[in-house]
Amino acid sequence: SEEETLEGGGRVPAPTRPPEGGWGWMVVAACFLATICIRAVTRCVSVFFVEFQLHFEMDYSTTAWIHSITDATTMLCAPLGALLGDWLSCRVAIILGGLLSSAGLILSSCASSVEQLYICTGILTGLGFALSYTPAIAMVGIYFHKRKALAYGFAMSGSGIGTFILAPTVQMFIEYYSWRGALLLLGGLVSNLCVCGALMRPLRHRREKSATQDPDGWSPSSWKPTPAPSGPTKAASGCCFGLGAKRDFSFLLAPRFLVLSTSFCLMAYGCSTPVVHLVPYALSLGLEQQQAAFLMAAFGASGIAGNIASGWIMDRKYLTRYRMLGYMLALGMEGLCCLLAPLLHSFPLLLTFSVFYGVFDGAYVALIPVVTSDVVDPAHLTTALGVVYFLHAVPYLLSPPIGGWLVDRTGNYHATFLLSGVSFLLSAVVLTASGRLKRLQKS
């Protein structure tokens with residue numbers, strides 16, 4: 001790293017920007033593994049649905065609450081993960097989350113009722129995921145600025161790669177070891193979140209007052225790797241994310257952030273339904289278990305391309321100003337895929353749906369933290385991400401049971417997919433107001 005010479009001949013690190021590499025790529029790798037353990041495992045819970053229905057003799061909407069509670073708890077407690085990361089350090093928050101989520105899945109393997117699965121898989125595992133998810137994602141934004149979209153693309157691709165690998169693997173585990181053994185093995189996998197936490201080296205950000213400020217909004221500052229404090233002191237509040245002891249929540253009332261938050265709520269309702277209902281929909285059409293699981297694998301694999309491609313494309317100099325437009329395009333294509341889903345009744349057509357849906361799903365998932373950071377100040381990124389994922393909670397909680405209720409009432413999945421598609425399109429339409437507000441602010 002750059003150094004400057006003191007009068008006594010000693011050398012100390014010179015003030016630098018965010019590292020833009022170095023150990024930052026290890027942080028990206030840790031976040032990549034964290035998204036496998038959190039988002040991919042959550043998606044693969046849908047593979048257990050048929051087994052849960054047969055074992056506990058419950059209808060679909062009742063069983064769907066397992067997935068929705070897990071997702072909702074993860075997002076509802078996202079601000080808690082950000083708070084704990086600032087108070088103790090992100091390393092402690094992620095490790096604690098790994099222990100809780102792993103314990104929840106292990107206890108779920110011993111469940112004797114759906115209600116116990118609600119508590120163990122839904123609440124305990126979801127809480128552990130919440131403590132790990134927000135700090136892991138926020139750390140990538142702290143280590144990168146110019147290559148932020150690409151770094152997030154690689155980090156968030158863990159969700160797609162994990163789904164591609166885990167969906168057929170979990171199905172194989174169920175066949176060989178029953179659903180209880182499969183949950184036990186998933187509990188061991190999720191314990192790797194502790195490894196992710198160990199790789200999260202904190203950065204101390206000291207913002208210096210200066211008359212100059214670069215075009216991207218970064219004032220001269222000092223970024224130095226420092227060991228995490230051992231206790232919850234005032235200094236620890238900034239050790240992980242560069243936040244001071246005093247918090248400023250004024251950005252919550254900014255018009256552009258309010259519009260973006262509304263869009264996120266609509267998007268969150270739409271995105272949960274297809275992932276939860278894809279496997280049961282395929283089975284209802286007469287497809288085999290392995291074919292249905294392969295659809296989830298294809299969805300995950302194509303998500304990888306969407307994650308990385310969107311990050312690389314949106315980092316191009318001439319496209320950075322169009323990041324919000326790219327995000328809106330991904331949402332619109334997701335909505336179109338869902339509207340066409342009821343017309344697909346064969347394995348090749350559903351496989352095509354999985355690929356296209358996965359590509360655009362990966363694109364907008366990688367761009368969520370990017371467009372959020374484009375709307376709020378860098379110093380507020382961690383808190384903003386906690387709020388953003390918190391807003392996902394209620395839609396994640398309600399959408400799978402509502403979709404299951406529609407399936408029970410109508411006897412098919414048409415209304416469920418159509419409602420999801422409309423939510424995606426409305427989310428994209430709402431964001432046009434954000435662009436209008438930006439132009440008004442400039443004028």
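Student: In the protein chain, what share of the contacts with a separation of 6 or more comes from residues 24 or more positions apart?

Tutor: The model is a predicted one. Its protein chain has 15 helices and four strands. Among contacts with a separation of 6 or more, residues 24 or more positions apart account for 82%.

Student: Is the ring pair of F264 and Y327 stacked or edge-to-face?

Tutor: A pair of aromatic rings is described by the distance of the centres and the angle of the planes. For F264 and Y327, the centres are 6.1 Å apart and the planes stand at 80 degrees. Planes over 60 degrees apart count as edge-to-face. The pair of F264 and Y327 is therefore edge-to-face.

Student: How many residues apart are F264 and Y327?

Tutor: F264 is buried, as is Y327. F264 belongs to helix 9 (residues 255-284) and Y327 to helix 11 (residues 323-340). The pair thus links distant parts of the chain, its members being 63 residues apart.

Student: Which residues do ring pairs link into a cluster with F264 and Y327?

Tutor: The structure holds 17 aromatic pairs. Besides F264 and Y327, the cluster linked by ring pairs takes in Y281, F299, F353, Y357, Y364, Y413, F417 and F424.

Student: Which residues lie nearest the centre of the largest cavity?

Tutor: The structure holds three cavities of 30 Å³ or more, and about 250 Å³ of space lies in the largest. Helix 1 (23-44), helix 3 (60-76), helix 7 (148-190), helix 9 and helix 12 (347-375) each supply at least two residues of the lining of the largest cavity. That lining comprises 20 residues, and those nearest the centre are R39, R43, C271, V365 and Y396.

Student: Is D361 buried or exposed, and which residues does D361 contact beyond its neighbours within four places in sequence?

Tutor: D361 is found in helix 12. Its relative accessible area is 4%, so D361 is buried. Leaving aside neighbours within four places in sequence, the contacts of D361 are R43, F299 and E334.

Student: What is the C-alpha separation of L33 and M156?

Tutor: L33 lies in helix 1 and is partly exposed, with a relative accessible area of 27%. Not counting residues up to four places away in sequence, L33 touches N192 and C196. L33 and M156 are 123 residues apart along the chain, and their C-alpha atoms are separated by 9.2 Å.

Student: What is the phi of S178?

Tutor: S178 lies in helix 7 and is partly exposed, its relative accessible area being 35%. Most residues other than glycine have a negative phi. S178, a residue other than glycine, has a positive phi, with a value near 75 degrees.

Notes:
Residues are numbered from 1 along each chain as its sequence is written. This is a predicted model: local features need pLDDT of at least 70, side-chain atom pairs count only at pLDDT 80 or more; totals for chains, interfaces and linings use all residues. Side-chain values use heavy atoms; hydrogens and water are left out. Contact means heavy atoms within 4.5 Å. Rings of Phe, Tyr and Trp (its six-membered ring) pair if their centres lie within 6.5 Å; planes under 30 degrees apart count as stacked, over 60 as edge-to-face and the rest as tilted. Buried means under 20% relative accessible area, exposed over 50%, partly exposed in between (1.4 Å probe, protein chains only). On a 1 Å grid over the protein atoms alone, a cavity is a set of points where a 1.4 Å probe fits but cannot get out, and a pocket is an open set with protein on both sides within 12 Å along at least five of seven lines; lining residues have an atom within 4 Å of a point. Grid points are joined across faces, edges and corners, and a volume is the space filled by probe spheres set on the points.
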